[in-house]
Amino acid sequence: MAGSSGLTLRPMTSADLPGVLAIERQVQFAPWSEKLFVDGLERGHDCRVAADDGGAVYGFSVVQYILDEAHLLNIAVDPGSQGKGIGRRLLTALTEEAAGKSSSTVFLEVRSGNANAIRMYQMAGFNEIGLRKNYYPAPQGGKEHAVMMALVL
Ligand SMILES: CC(C)(COP(=O)(O)OP(=O)(O)OC[C@H]1O[C@@H](n2cnc3c(N)ncnc32)[C@H](O)[C@@H]1OP(=O)(O)O)[C@@H](O)C(=O)NCCC(=O)NCCS
């Protein structure tokens, strides 16, 4: 139930993975495996956590850099701590990092039904640039569109 102010944003380490995975498995219909997070750390992606002084993880983000593009691969906040500004802090930090690296654009994809996330991205200045139809697996064997969004830095 953490608010944003008592948390520190810092690089993710392997010691954070249990907390990261616990969040991922609660918030995603098709969660990343532990291996995907390990690969992200090993490949030098910008992996961050929002954590308290005791090491408890409340949110995380994963960004892959490809040439001058930053791709937001994953971002999530613990369900009990959503709506308190943690997601916005993570998003601001990663876009500032991308700008500092002279990236031209931050790209992401989001489920078309994920209104909270789409609202957060729009508030941060992201625009919709396309739609991948029936891209994500959805409950009851259905599919959900992916909205492609970009923030030009
Ligand atoms: C999307 C997510 C990361 C946002 O994190 P959060 O900490 O809850 O968001 P914040 O409290 O920082 O809110 C940021 C903005 O998001 C939007 N938002 C967040 N929760 C919202 C809600 N319940 N209703 C409406 N808008 C909401 C608002 O625009 C908000 O800004 P505002 O408070 O100035 O209105 C979080 O909801 C989450 O983990 N969701 C599940 C995983 C997920 O969908 N990840 C994104 C995949 S692309």
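The scale works as follows: a residue is buried if 20 or more other C-beta atoms lie within 10 Å of its own, exposed if 12 or fewer, and partly exposed in between, with C-beta atoms placed from the backbone. Ser-102 sits in the loop between H3 and E5. Helices (H or I, at least four residues) and strands (E, at least two) are DSSP runs, numbered from the N terminus. Ser-102 is not a glycine, yet its phi is positive, about 60 degrees. Most residues other than glycine have a negative phi.

This is a predicted model, in which local features need pLDDT of at least 70, side-chain atom pairs count only at pLDDT 80 or more, and totals for chains, interfaces and linings use all residues. Residues are numbered from 1 along each chain as its sequence is written.

Now step back to the whole chain. The protein chain has 4 helices and 7 strands. Read from the N terminus, their order is β-α-α-β-β-β-α-β-α-β-β. The C-alpha atoms fill a box of roughly 40 × 40 × 30 Å along the principal axes. The radius of gyration is 15 Å, which agrees with the value near 15 Å for a compact globule of 153 residues. That radius is taken over C-alpha atoms, and the globule rule is 2.2 Å times the number of residues to the power 0.38. Of the 153 residues, 27% are buried. Two residues are in contact if their C-beta atoms, placed from the backbone, lie within 7 Å. Among contacts with a separation of 6 or more, 60% join residues 24 or more positions apart.

Next come the strands. Two strands pair if DSSP finds at least two bridges between them. E2 and E3 pair in the antiparallel sense, over 6 bridges. They form a hairpin with 5 residues between them. In its turn, Gly-55 has a positive phi of about 95 degrees. Across this pair, Val-57 in E3 is the bridge partner of Ala-51. E3 also runs antiparallel to E4, and 8 bridges join them. Here Val-62 has Asn-74 in E4 as its bridge partner. The hairpin of E3 and E4 has 2 residues between the strands.

Leu-67 lies in the loop between E3 and E4. Its phi is positive, about 50 degrees, although Leu-67 is not a glycine. Leu-67 counts as exposed because it has 6 C-beta neighbours inside 10 Å.

E3 itself is mostly covered, with 7 of its 10 residues buried. Tyr-65 lies in this strand. Tyr-65 is partly exposed, because 15 other C-beta atoms lie within 10 Å. Leaving out residues up to four places away in sequence, Tyr-65 touches Ala-70, Lys-101 and Ser-103. His-45 is 20 residues from Tyr-65 along the chain, and their C-alpha atoms are separated by 6.9 Å.

What lies in the core? A nonpolar core is a set of buried Ala, Val, Leu, Ile, Met, Phe, Trp, Tyr and Cys residues joined through C-beta atoms within 7 Å. The largest one has 32 residues. Val-20, Val-49, Ala-50, Val-57, Tyr-58 and Phe-60 have the most contacts inside it. Helix H1 (17-27), strand E2 (46-51), strand E3 (57-66), E4, H3, strand E5 (105-111) and strand E7 (143-152) each give two or more residues to this core. Take Val-57. Apart from its neighbours within four places in sequence, Val-57 is in contact with Asp-16, Gly-19, Val-20, Ile-23, Val-49 and Ala-51.

Around it stand 18 residues, of which Gln-82, Gly-87, Arg-88, Ala-117 and Met-120 come nearest. A residue is near a molecule if its C-beta atom, placed from the backbone, lies within 6 Å of it. Strand E4 (69-77), helix H3 (86-100) and helix H4 (115-123) each supply at least two residues of this shell. H4 gives the largest share, 5 residues. The shell divides into 9 nonpolar, 6 polar and 3 charged residues. In this count Ala, Val, Leu, Ile, Met, Phe, Trp, Tyr, Cys and Pro are nonpolar, Asp, Glu, Lys and Arg charged, and the others, Gly among them, polar.

Gln-82 is in the loop between E4 and H3. Gln-82 counts as partly exposed because it has 15 C-beta neighbours inside 10 Å. Gly-59 is 23 residues from Gln-82 along the chain, and their C-alpha atoms are separated by 9.1 Å.
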